[in-house]
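I opened this notebook to record what I looked up in one protein structure.

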Amino acid sequence: DFVPALVYNLTIKMKYGALFMKVENTSNMIKESLLGLMREKELHSITVGELLKRAGVSRGTFYAHFGSLAEVRDALAADMFEAADAYMADIAPTDLIKAPYPFLLSAAEKLGGGRLTADGMGKYIGVYELAEQLKPWFTKYLLDDKSFTESFDDEAKAEIYARYVSGGVIHTFNMWIKQDFSCDAENLAHSLSELLLRSFAR
């Protein structure tokens with residue numbers, strides 16, 4: 001009985017494992033196709049039909065994965081946060097405080113037209129909506145580090161400071177991505193780095 005059961009379980013795993021991979025691949029194809037279209041025009045100008053043609057999928061397949069174009073965009077944003085979590089996993093806030101430039105430069109490249117597969121994602125997903133998610137994400141990143149919070153007299157001060165830093169940095173990135181002011185990624189990262197180092201030296 002053991003061998004047939006083992007063979008059956010392996011067959012089921014292989015069958016559904018392959019199915020899961022196919023679903024994942026289709027989902028990624030749809031997301032990448034929407035990102036490609038968003039490089040050409042605003043999201044509100046894109047139709048489901050255009051996306052179907054670009055992705056090479058049927059309408060039924062699209063709606064089996066997503067309920068709307070907005071859901072695809074939200075999935076792209078979720079991918080970005082997942083990539084950010086992975087990138088920041090080995091960077092402690094205390095290390096960031098000591099040397100913020102490399103982090104800020106990498107963030108500028110990724111948000112403003114950088115090197116991820118979904119390059120320049122921040123420019124296309126809706127920068128103001130994205131910022132509302134980035135601020136609490138970065139605040140949580142700082143506050144989750146015990147050594148950071150312990151450097152303040154109490155937790156309230158640590159949270160206020162983390163929110164102040166997060167809000168200032170993200171707002172500046174917003175204005176830069178929206179081309180409210182002009183400079184390259186290196187100058188943006190260098191200027192913000194200097195300001196943060198002065199602030200952290202408090």
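**Entry 1. Basis.** I worked from a predicted model, in which local features need pLDDT of at least 70 and side-chain atom pairs count only at pLDDT 80 or more, while totals for chains, interfaces and linings use all residues. Residues are numbered from 1 along each chain as its sequence is written, and side-chain values use heavy atoms, with hydrogens and water left out.

**Entry 2. Overall make-up.** I looked up the secondary structure and found eleven helices and zero strands; helices (H or I, at least four residues) and strands (E, at least two) are DSSP runs, numbered from the N terminus. I noted that 39% of the 202 residues count as buried. Buried means under 20% relative accessible area, exposed over 50%, and partly exposed in between (1.4 Å probe, protein chains only). The accessible surface comes to about 12100 Å², and 57% of this area belongs to carbon and sulfur atoms; the areas come from the Shrake-Rupley method with a 1.4 Å probe, and for residues only the protein chains shown count as cover. I then checked contacts, meaning heavy atoms within 4.5 Å. Among contacts with a separation of 6 or more, residues 24 or more positions apart account for 62%.

**Entry 3. Helix H11.** I compared the length of H11 (residues 185-200) with expectation: its 16 residues, at 1.5 Å a residue, should span 22 Å, and the end C-alpha atoms are 22 Å apart, which agrees. The expected span is 1.5 Å times one less than the number of residues. Which residues of H11 are buried? I listed Ala185, Leu188, Ala189, Leu192, Ser193, Leu196 and Phe200. Seen down the axis, the buried residues of H11 fall within an arc of 125°, so they line one face of the helix; the arc is that of the directions from the helix axis to the C-beta atoms. The face of H11 turned away from this buried side carries the exposed residues Leu195 and Arg198.

**Entry 4. Aromatic pairs.** I found eleven aromatic pairs in the structure. Rings of Phe, Tyr and Trp (its six-membered ring) pair if their centres lie within 6.5 Å; planes under 30 degrees apart count as stacked, over 60 as edge-to-face and the rest as tilted. Phe152 and Tyr161 form a tilted pair, at 5.2 Å centre to centre and 50° between the planes, and both residues are buried. Phe173 and Trp176 form an edge-to-face pair, at 6.4 Å and 70°. These two residues are three apart in helix H10 (residues 155-177) and are therefore separated by about one helical turn. Phe173 is buried at 3% relative accessible area, and Trp176 is buried at 11%. I also noted a cluster in which ring pairs link Phe103, Trp137, Phe138 and Tyr141.

**Entry 5. Salt bridges.** I took a salt bridge as a side-chain nitrogen of Lys or Arg within 4 Å of a carboxyl oxygen of Asp or Glu; the count comes to six. Asp74 and Arg73 meet at 3.4 Å, N to O. Is Arg73 buried or exposed? Arg73 is buried at 13% relative accessible area, whereas Asp74 is partly exposed at 43%. Asp144 and Lys140 meet at 2.7 Å, N to O, and both are exposed. Lys157 bridges to Asp153 with the closest N and O atoms 3.0 Å apart; Lys157 is partly exposed at 42%, and Asp153 is exposed at 68%.
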